[in-house]
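Hi,

Here is the structure I said I'd pass on.

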Amino acid sequence: MEQKRIKIKDLLLSKEFGSEVNVKGWVRTKRGNKQINFVALNDGSTIQNLQIVVDVPNFNEDLLKKITTGAAISIDGEIMESQGSGQSVELKATHIDVLGVADPDKYPLQPKKHSLEFLREKAHLRFRTNTFSAVFRIRHAMAYAVHEFFNKKGFYYMHTPLITGSDAEGAGEMFRVSTLDPKNPPLNEDGSINYKEDFFGKETNLTVSGQLEGELGAMALGEIYTFGPTFRAENSNTTRHLAEFWMIEPEMAFYDITDNMDLAEEFLKYMIKYALDNCMDDLKFLSQRLQEEEKGKKAEDRSMELIEKLKFVLENDFVRLTYTEAIEILRNSKPNKKKKFQYLINEWGADLQSEHERYLVEKKFEKPVILIDYPKDIKAFYMKQNEDGKTVAAMDILFPGIGEIIGGSQREEDLDKLLTRMKEMNVPADEMDWYLDTRRFGSATHSGFGLGFERMMLFVTGMGNIRDVIPFPRAPKNAEF
């Protein structure tokens, strides 16, 4: 009778020594001699490999030759108590089928250390390495935690459109969506493209945010969240930017800026706790990897140990301060006075850079920081204007090693103030009439924020490049696979 397959994750917890099972997976390594072989097998269910013990004389020589790194195999065998250290269980093979061979002369992931740059070129295979299998198991857990958190709090998950006619951020760095012939588009009399003949009858783009549509949902359903891909055509070839990335954007009716900060802090801590409770094997592996990588660095230049860092954020209240207070701290800081900052802080109104954000978090407070009340001139049109006439009720949450991880605000609910601000910032009110209706009919205090999912993934995994925490990165000059 054919044995029922068991996942390696479950088998490693089994104490049913002597029972027969079937496992399937990919070979990580094979070693041994003419009498006995040891095969390390992994099926993706855990970072741990299962050791398969193969008595060589009992098996066909040609079959054993096909068991090479990368090959997919199926094994029937007997669960044994392990003689070696590391794990308590191994499998003594009684029958082996090779499901798919991997020619060792051609298979690129041989058992040796590969650079992350090399693995990015092999993004279609990198899931098979320990590092990336750990990262993407954690990514799944973090996505699940997002839904669990909001569901427990009574939020509704809302799918906002990927194709939009509006630019939520006013940044203009959007990807165009069109079915017009690029070589011969229909033209208006003045030579401009006639988008009335396009598929949607107007100029459309890939969305930079689900926020504006999310606000419409919140002003009827109370509390909603979106979680989906967003797109920026920003030509930034850095370790922190992607052209396609995932955003979590809750919008809440009847929340002011303080409620917004409280929710954001609770949300980040929930996700971190979920990772610590459910991903410890993978986190331990990634922590070791990071420590190995930083061995040559001076003590002060090394990152905080990964698990310690996650616990540190969990156990500390975030520091809350105004932009004005932050500017004073930065202006009087050593790196500013000694001109060590790339962007020196001289006056109120400066747009804070990553180096400033990280100074506040890592050097000044040594805790995550929530900055509020930014100058209105450096923030988006929809943010609530404070009574001072100069600032808006915006908030950014800053994390060690990352800088800004969440950006949000109380939204401007006053129609006249919003219209005035849109005029000042050249946001066409006629195209946004649908959005303004929420201020015309039953307007109320409301707030929201956006969390860049990949930035959160960088923090939780300790990876240094945002292209290594999304399965198939999209960046300038890079749309492979």
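Seven of the nine residues in strand E15 (residues 403-411) are buried, so the strand is mostly covered (buried means under 20% relative accessible area, exposed over 50%, partly exposed in between, with a 1.4 Å probe and protein chains only). Helices (H or I, at least four residues) and strands (E, at least two) are DSSP runs, numbered from the N terminus.

Before going on: this is a predicted model, where local features need pLDDT of at least 70, side-chain atom pairs count only at pLDDT 80 or more, and totals for chains, interfaces and linings use all residues. Residues are numbered from 1 along each chain as its sequence is written, and side-chain values use heavy atoms, with hydrogens and water left out.

E15 runs antiparallel to strand E14 (residues 391-399), with six bridges joining them; two strands pair if DSSP finds at least two bridges between them. Ala 394 sits opposite Ser 409 of E15. Three residues lie between the strands of this E14 and E15 hairpin, and Gly 401 has a positive phi near 80 degrees there. E15 also pairs with strand E16 (residues 446-452), again antiparallel, over six bridges. There, Arg 411 has His 446 in E16 as its bridge partner.

**The loop between E5 and H3**

Asp 105 is in the loop between strand E5 (89-100) and helix H3 (116-121). Asp 105 counts as exposed because its relative accessibility is 73%. His 114 is found in the loop between E5 and H3, but counts as buried because its relative accessibility is 16%. The His 114 side chain reaches the backbone oxygen of Gln 110 at 3.0 Å.

Cheers

Technical notes
A polar contact is a pair of N or O atoms within 3.5 Å; within protein, one must be able to donate a hydrogen and the other to accept it, and residues adjacent in sequence count only if both atoms are side-chain atoms.
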